[in-house]
Amino acid sequence: MRVLGIDPGLTRCGMGVVEGSVGRPLTLVDVNVLRTTATEPVPVRLVTIEKGVEAWIEEHRPDVVAIERVFARSDVSTVMGTAQASGIAMVVAARRGIPVALHTPSEVKAAVSGSGRATKAQVGAMVTRILRLTEMPKPADAADALALAVTHIWRGGAQDRLEAAVAGARATTRAPARGTATGATSTTAPNRYAAAVAAHGRKR
């Protein structure tokens, strides 16, 4: 599975691609940050982000795009910019038919470090260790994007296996019994009861 993790932001938008599967070592494919200038109009900055995300998807062809779920913060302007960048990323992925997964910050922290209250430095250190990197990705937005990708591979991959197992179990349950033609009436309890009643009538 190849996942593009996106840590949305209007000024800095972290981008990280990780490849791998549950139970196997993960590999860093690419990591960087899309940047926009604060002096430019917001619509222009969003177009820059859109083009950047488009270019990353075109180059790396991810199976899934994992984006940090936006939560309200004290700074309204910050959360607005984050939400706008997040929306742009979702639209770009949806336009290409690529599944989008949203993960909360606490989910990501817990997945990579074992604690939902881990600091950015701790998350970055664990990402460095998980991906076997020689140094921590910087800035923090880049490390966060990789953490999102890692989280989805670990959690999303496990979820996919569970859903496949459930689907397989349902298919087995619904399958007709061996030796019974599809559409044929099996000897169910009501049928046996009717036969017994008929036999009793003939004896009388």
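Q: At what angle do helix 3 and helix 4 pack?
A: The model is predicted. In it, helix 3 packs against helix 4 (residues 120-130), and the two axes are 9 Å apart. The angle between helix 3 and helix 4 is about 50°.

Q: Is helix 3 parallel, perpendicular or oblique to helix 4?
A: Helix 3 and helix 4 pack at about 50°. Angles under 35 degrees count as roughly parallel, and roughly perpendicular begins at 65. The angle therefore makes the relation of helix 3 to helix 4 oblique.

Q: Is the crossing of helix 3 and helix 4 left-handed or right-handed, and which residues of helix 4 take part in the contact?
A: Helix 3 passes helix 4 in a left-handed crossing. From helix 3, the contact takes in Lys109, Val112 and Ser113. On the side of helix 4, these meet Val123, Met126 and Ile130.

Q: Is serine 113 buried, partly exposed or exposed?
A: Serine 113 belongs to helix 3 (residues 105-113). Leaving out residues up to four places away in sequence, serine 113 touches Ala118 and Met126. Serine 113 has a relative accessibility of 28%, so the class is partly exposed.

Q: How many Å separate the C-alpha atoms of serine 113 and valine 127?
A: Serine 113 is a residue of helix 3. Along the chain, serine 113 and valine 127 are 14 residues apart. Between their C-alpha atoms the separation is 8.6 Å.

Q: Which residues does glutamate 107 contact, leaving aside neighbours within four places in sequence?
A: Glutamate 107 is placed in helix 3. Its relative accessibility is 27%, so glutamate 107 counts as partly exposed. With neighbours within four places set aside, the residues in contact with glutamate 107 are Leu102, Thr151 and Arg155.

Q: What is the C-alpha to C-alpha distance between glutamate 107 and arginine 117?
A: In sequence, glutamate 107 and arginine 117 are 10 residues apart. In space, C-alpha to C-alpha, the distance is 9.7 Å.

Q: Why are helix 1 and helix 2 described as oblique, and what is the handedness of their crossing?
A: Helix 1 (residues 42-60) and helix 2 (residues 76-95) pack at about 40°, with axes 9 Å apart. Angles under 35 degrees would count as roughly parallel, so at this angle helix 1 and helix 2 are oblique to each other. The crossing of helix 1 and helix 2 is right-handed.

Q: How many charged residues are in the contact of helix 1 with helix 2?
A: Among the residues of helix 1 in this contact are Leu46, Ile49 and Glu54, and those of helix 2 include Ile88, Val92 and Arg95. The contact of helix 1 with helix 2 has 10 nonpolar residues and one polar residue. The number of charged residues is three.

Q: Are the faces of strand 4 buried or exposed?
A: Strand 4 (residues 64-68) has five residues, and five of them are buried. One side carries Val64, Ala66 and Glu68, and the other carries Val65 and Ile67. Both faces of strand 4 are covered, and the residues named are all buried.

Q: Which residue of strand 5 stands opposite valine 65?
A: Strand 4 runs parallel to strand 1 (residues 2-7), with four bridges between them, and isoleucine 6 stands opposite isoleucine 67. Strand 4 also runs parallel to strand 5 (residues 100-103), again with four bridges. In strand 5, the residue opposite valine 65 is valine 100.

Q: What is the phi of arginine 61?
A: Arginine 61 sits in the loop between helix 1 and strand 4. Its relative accessibility is 53%, so arginine 61 counts as exposed. Arginine 61 is not a glycine, yet its phi is positive, at about 50°.

Q: Which residue does a cis peptide bond join to lysine 138?
A: The omega of this cis bond is about 0°.

Q: How many strands does the protein have?
A: From the N terminus on, the elements run β-β-β-α-β-α-β-α-α-α-α. The protein has six helices, and its number of strands is five.

Terms used:
Residues numbered from 1 in each chain as written. Predicted model: local features only at pLDDT ≥ 70, side-chain atom pairs only at ≥ 80, totals over all residues. Heavy atoms only, no water. Buried < 20%, exposed > 50% of the residue type's maximum accessible area, 1.4 Å probe, protein only. Helix = DSSP H or I, 4+ residues; strand = E, 2+ residues; numbered from the N terminus. Pairing = 2+ DSSP bridges. Axes fitted to C-alpha atoms, helices over the stretch in contact; angles between N-to-C directions. Parallel < 35°, antiparallel > 145°, perpendicular 65-115°, else oblique. Left-handed = near helix turned anticlockwise from the far one by under 90°. Contact = heavy atoms within 4.5 Å. Nonpolar A, V, L, I, M, F, W, Y, C, P; charged D, E, K, R; others polar.
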